[in-house]
Amino acid sequence: MRHVAGCPAEGPPHTDEHAFGVAAPVSRRSLVAGLGAAFLLPAGAARAAAPSHGPFTDLLQRYVVAGRDGLNRVRYARFKAEAGGSLDRYIASLAATRVSGLGRDDAFAFWVNLYNAVTLQVVLAHYPVRSIREIDLGGGFFARGPWRKNLVAVEGRDLSLDDIEHGILRKRWSEPRVHYAVNCASIGCPNLAREAWSGATLERMLDEGARAFINHRRGVAVTADGVRASRIYSWFSEDFGTGEQLREHWRAHAGAGLRRGLDANPRIAGYDYDWGLNDAG
């Protein structure tokens with residue numbers, strides 16, 4: 001996977017720092033920062049077999065609908081009525097996996113699938129809701145939403161969604177395209193893929209996710225005033241690098257029309273994000 005150097009930026013919208021203008025407790029920051037190395041294979045240890053993600057692919061293909069507008073939406077009502085137990089069993093199978101024994105690409109796929117599956121589980125448990133931000137599970141004095149609550153245990157460690165995304169995926173891999181893989185159940189988020197992630201298909205799916213989002217108006221759109229981009233690129237600017245590095249990232253995945261627009265009017269005019277639930281009804 002390709003790496004991009006980054007620069008400092010404020011955190012995403014569901015972290016304490018962004019939402020309340022205060023720093024998270026040092027002990028919490030230190031714990032999250034250490035997670036990146038916590039699940040690495042010890043020297044001399046045997047490799048573990050990758051878990052089967054087929055059951056998750058079956059669920060995604062049954063309940064995730066690809067719309068003509070370029071958005072993937074979830075049939076939450078049907079999913080909750082028909083297959084909530086199947087999702088629970090898949091998550092339990094991941095929780096029983098020795099992820100520290102997986103190869104690098106298989107481990108990345110494991111954590112993305114776990115994040116996306118647990119996010120679906122949270123939404124299904126509280127559905128109907130208009131936005132995932134309405135699901136307030138706490139998890140800390142200043143926390144809001146479901147992201148800071150410990151929701152799953154892997155190899156004896158209790159983990160939150162924030163732990164998986166920021167403490168493991170972003171910390172260990174330093175891969176900006178992770179933002180096209182994890183899905184927070186919102187319209188403004190890159191699409192939830194209709195297949196589970198795997199080590200064998202990782203590069204293809206990362207590039208497909210990047211192309212689909214960057215070439216959609218909610219990702220990057222050139223207007224008369226300049227570029228309107230997803231707020232993901234502002235929240236996580238440290239992952240995408242300088243302004244010029246970000247533009248090069250867009251150009252690398254842009255179609256011909258968008259590339260011409262970026263070359264003609266590269267100024268970033270602002271950022272947008274839609275927190276509405278990605279609900280197919």
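Predicted model: local features only at pLDDT ≥ 70, side-chain atom pairs only at ≥ 80, totals over all residues.
View 1. In one of them, Tyr63 and Phe79 are stacked, with the ring centres 4.6 Å apart and an angle of 15° between the planes. The pair links distant parts of the chain: Tyr63 belongs to helix H3 (residues 54-63) and Phe79 to helix H4 (residues 76-95), 16 residues apart. Tyr63 is buried, at a relative accessible area of 0%. Phe79 is also buried, at 2%.

**View 2. A cluster of aromatic rings.** Tyr180, Phe213, Tyr233, Phe240 and Trp250 are linked into a cluster by ring pairs.

**View 3. Arg157 over the ring of Phe39.** Arg157 lies over the face of the Phe39 ring, at 5.9 Å from the ring centre.

**View 4. Cys184 and Cys189, two cysteines without a disulfide.** The search of the whole structure finds zero disulfides. For Cys184, the closest cysteine sulfur is that of Cys189, at 3.6 Å, which is too far for a bond because a disulfide requires the two sulfur atoms to be within 2.5 Å. Cys189 is likewise in no disulfide, and its nearest cysteine sulfur is that of Cys184. Cys184 counts as buried, with 10% relative accessibility. Cys189 counts as buried at 5%.

**View 5. Packing of helices H5 and H6.** Helix H5 (residues 104-126) and helix H6 (residues 161-173) have axes that come within 10 Å and cross at roughly 160°. H5 is therefore roughly antiparallel to H6, since angles over 145 degrees count as such. The crossing of the two helices is left-handed.

**View 6. The cis peptide bond between Tyr127 and Pro128.** Tyr127 and Pro128 are joined by a cis peptide bond, with omega at about 10°. Pro128 is placed in the loop between H5 and strand E3 (152-154).

**View 7. Positive phi at Ser174 and Ala185.** Ser174 is not a glycine, yet its phi is positive, at about 50°. Ser174 is in the loop between H6 and helix H7 (202-214) and counts as partly exposed, at 37% relative accessibility. Ala185, also a residue other than glycine, has a positive phi near 65°. Ala185 is found in the loop between H6 and H7. With 1% relative accessibility, Ala185 counts as buried.

Key
Residues numbered from 1 in each chain as written. Heavy atoms only, no water. Phe/Tyr/Trp six-rings, centres within 6.5 Å; stacked < 30°, edge-to-face > 60°. Helix = DSSP H or I, 4+ residues; strand = E, 2+ residues; numbered from the N terminus. Buried < 20%, exposed > 50% of the residue type's maximum accessible area, 1.4 Å probe, protein only. Lys NZ or Arg CZ within 6 Å of the ring centre and 35° of its normal. Axes fitted to C-alpha atoms, helices over the stretch in contact; angles between N-to-C directions. Parallel < 35°, antiparallel > 145°, perpendicular 65-115°, else oblique. Left-handed = near helix turned anticlockwise from the far one by under 90°.
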